[in-house]
Amino acid sequence: MIAIIDYGMGNIHSVQKALESMGAKTIVTNKPDEIKASDKAVLPGVGAFDDAMQELKTQNLISALNEHIKSKKIFLGICLGMQLLFEESEETRESMVRLRSPLTLSAVEVSKGLGILKGVVKRFENKDNLKVPHMGWNQLKVKNSACPLLKDLADNSYVYFCHSYYPQPKDGRLIAATTDYGIDFTSVLWQDNIYGVQFHPEKSQETGLKILRNFVSL
Amino acid sequence: MLTRRIIPCLDIKENRVVKGVKFVGLRDAGDPVEVARVYDRQQADELVFLDITASFENRKTLINLVEEIAKNIFMPFTVGGGIKDLSDIRGLLNAGADKVSINTAAVKFPDLIKDASLKFGSQCIVVAIDAKRRYPVNNRQTGKQANRQTGEWQVYINGGRTPTDLDALDWAMKAAELGAGEILLTSMDYDGTKDGYDLALTKAIVERINIPVIASGGAGKLEHFYDVLTGAGASASLAASIFHYQEYSVRQVKEYLKEKGVLVRL
């Protein structure tokens, strides 16, 4: 059973529909017991980083998540759901407001994440005419072809991105694939039982479904 | 590298896809879920669904239709029409939309853009702008020669029925500043004419903001896509008639662009 964690942060049903289309058994839940009873967990999520952390806290999901990961059960974070694994993010309500008035950019505060992975979540810089959010189809450059999530995936496959922030893991060995958008950022990460993708596999047509199929057969 | 996007737009009225010329004279163009499936197979990069009567008739976009679409296609899609507040947005996102497009309500209550982008993230808040030239354009030639000064394009709301005092360039900058993740820019002068996009309008806005711009209104030939993506610098181009009536498939457009050296996903 795959638990899709519903903590009130957006579009979880597409993830469920995609997993079910390949015959996986899923449960959409915000109950720690049901997460405990599942052998895999998916943390999706769109929205603001600190709102998401607040929801996880309020709904008592943090210890359930920690426990799931500590017991070596398979975990997949998608987009914001992956960013939350890190120690902190530049995305805060204050910084979002400040970013729109460049004169006050110097002091950017941070939001605390789950801290399961070492590293931070950063914002793309608006330089060289780079449009932010990074929105649309971009390529995966495979850095670690041993990553089971990327099995049978052609290098430079296109997947769908929709984000302004990206993860920067401290340990380079976590990086399974990168994507070029002004900089090469981590778009797939893998550490033991923990998997994270910055794009939306559930929205990435055939390539995305292949990645999810790899996840289901882990 | 990030590719340019080709986005079919499905204007929805009473659960059917419709298409008009310059926002009037609507013709039936099929069942939304069926049409969406076709575009999914053609490898469209995204879909946009606009409930074109919602704002005017004061009713909510049909959540059921959104759920039905989400069940059937595994590609990103945006839904717009009649969105008034945060709970409308939440409802659509929960039903399976990836992004929402706000038009009339954003003009009336600009803080909605700010609140929505803080709550749901900028990446899912699209601000749609319907812009019309204050002085009519008869052909593309005049369009190219038009001066690009502020004040040339006026913003309309309520599905193009109501003019506002807003200048399209100022409004696009304001929307970006308030936290919009993307601008869906429709030229009312060119919409449905197949005469090409309003390149001057698109370029003027692309140059002024640092969020992606989706150009809309006027696609009729393959070179129109090329012009708006390269010359005017749009991140994506949206079209309806040309795809609905099978003049070109999405794939044909992309193959043409690729041949011309534009980065697309094929």
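These legends describe views of a predicted model. Residues are numbered from 1 along each chain as its sequence is written, with chains lettered from A and ligands numbered from 1 in the order written. Because the model is predicted, local features need pLDDT of at least 70 and side-chain atom pairs count only at pLDDT 80 or more, while totals for chains, interfaces and linings use all residues.

**View 1. Chain A as a whole.** Chain A has seven helices and 14 strands (DSSP runs numbered from the N terminus: helices H or I, at least four residues; strands E, at least two). Its C-alpha trace spans about 50 × 40 × 30 Å along the principal axes.

**View 2. Helix 4 of chain A.** In helix 4 (residues 62-70), the buried residues are A:A64, A:L65, A:H68 and A:I69. They fall within an arc of 125° seen down the helix axis, so they line one face (the arc is that of the directions from the axis to the C-beta atoms). Exposed A:S63 and A:K70 sit on the face turned away from the buried side. Just after the helix, A:K72 takes a positive phi of about 65°.

**View 3. The side of chain A that touches chain B.** Here 35 residues of chain A are in contact with 31 residues of chain B (C-beta atoms, placed from the backbone, within 7 Å). Strand 8 of chain A supplies the largest share of this side, six residues.

Conventions: Contact = placed C-beta atoms within 7 Å. Buried ≥ 20, exposed ≤ 12 C-beta atoms within 10 Å, placed from the backbone.
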